[in-house]
Amino acid sequence: HWKGSLEIYSGSKKTMTISVGLDVTKTDTAGKYNWVITYGDSNQDIRPYKLVAIDSSKGHWAIDEQNGIIIDMYATGNKVSTLFVVMGSSIMISYWIEKGEMMMELYSFPEKPGITTGKKTEESPEVKVYQFTGYQVGRMKRVK
C-alpha cells in the first residue's frame with residue numbers, strides 16, 4: 001500500500017498536484033494481483049486493475065483494466081515500464097522503488113512525430129522527433 005502525491009506538468013509549468021495511491025495485493029489466483037490506483041483526496045477516481053504475470057522470469061507483466069484493455073509491462077533494470085497509444089496519444093509509464101519510495105513517471109506525446117529529420121542514408125538516417133505534451137511524476141510512501 002502506497003500513498004503520496006502526483007505532480008502534473010504541461011511543458012515546464014506544474015499545473016496541479018493531487019493525491020495518488022497504489023495498492024498491490026495478492027488475489028486467490030496464482031500470478032494475478034490487485035493493482036488499484038486511486039487519484040484525489042477523497043478517493044475521487046479509483047482504478048481497480050489486475051497485475052498479471054505473463055512470464056515473470058523474463059520480466060513480462062500486464063495490466064488488465066478489466067474492460068477488454070490489457071497493457072503489457074516489462075521489467076528493465078529497476079523499473080517496470082510500458083508504452084502504448086490511446087486515442088492519438090502515446091503514453092509511457094514507469095514504476096520503480098527508490099530510497100524506499102514508490103516512484104511513478106508518465107510522459108505523453110502525440111502518436112505522430114512533430115518533425116522528421118535526416119537524409120534517409122546510412123550516415124544520416126531518418127529521425128522522427130516527438131514533442132512531449134505532458135509529464136507526471138508521483139512519489140509515494142509505504143503505508144501500513
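**Cavity and pockets of the predicted model**

The lining of the largest cavity comprises 7 nonpolar residues, 1 polar residue and no charged residues (nonpolar: Ala, Val, Leu, Ile, Met, Phe, Trp, Tyr, Cys and Pro; charged: Asp, Glu, Lys and Arg; polar: the others, Gly among them). The model is predicted, with pLDDT of at least 70 required for local features and 80 or more for side-chain atom pairs, whereas totals for chains, interfaces and linings use all residues. Residues are numbered from 1 along each chain as its sequence is written, and side-chain values rest on heavy atoms, without hydrogens or water.

On a 1 Å grid over the protein atoms alone, a cavity is a set of points where a 1.4 Å probe fits but cannot get out, a pocket is an open set with protein on both sides within 12 Å along at least five of seven lines, and lining residues have an atom within 4 Å of a point. By this rule, 1 cavity of 30 Å³ or more was counted. The volume of the largest cavity is about 30 Å³ (space filled by probe spheres set on points joined across faces, edges and corners). Its lining consists of Val20, Gly21, Leu22, Ile37, Tyr39, Tyr95, Met104 and Met140. Two or more of these residues come from each of the strands β2 (13–26) and β3 (DSSP runs of E, at least two residues, numbered from the N terminus). Strand β2 provides the largest share of this lining, 3 residues.

The largest pocket holds about 500 Å³ of space. A total of 23 residues line the largest pocket, and those nearest its centre are Arg47, Tyr49, Glu65, Phe84 and Ile93. At least two lining residues are supplied by each of β1 (2–10), β3 (32–39), β4 (45–55), β6 (70–76), β7 (79–86), β8 (89–98) and β9 (101–110). Among the contributors to the lining of the largest pocket, β7 gives the most, with 4 residues. By class, the lining of the largest pocket contains 19 nonpolar, 2 polar and 2 charged residues.

The second largest pocket contains about 250 Å³ of space. It is lined by 13 residues, with Trp35, Leu51, Val80, Tyr95 and Met102 closest to its centre. Strands β6, β7 and β8 are the elements that each give two or more residues to the lining of this second largest pocket. The most, 3 residues, come from β8. The lining of the second largest pocket divides into 12 nonpolar residues and 1 charged residue, with no polar residues.
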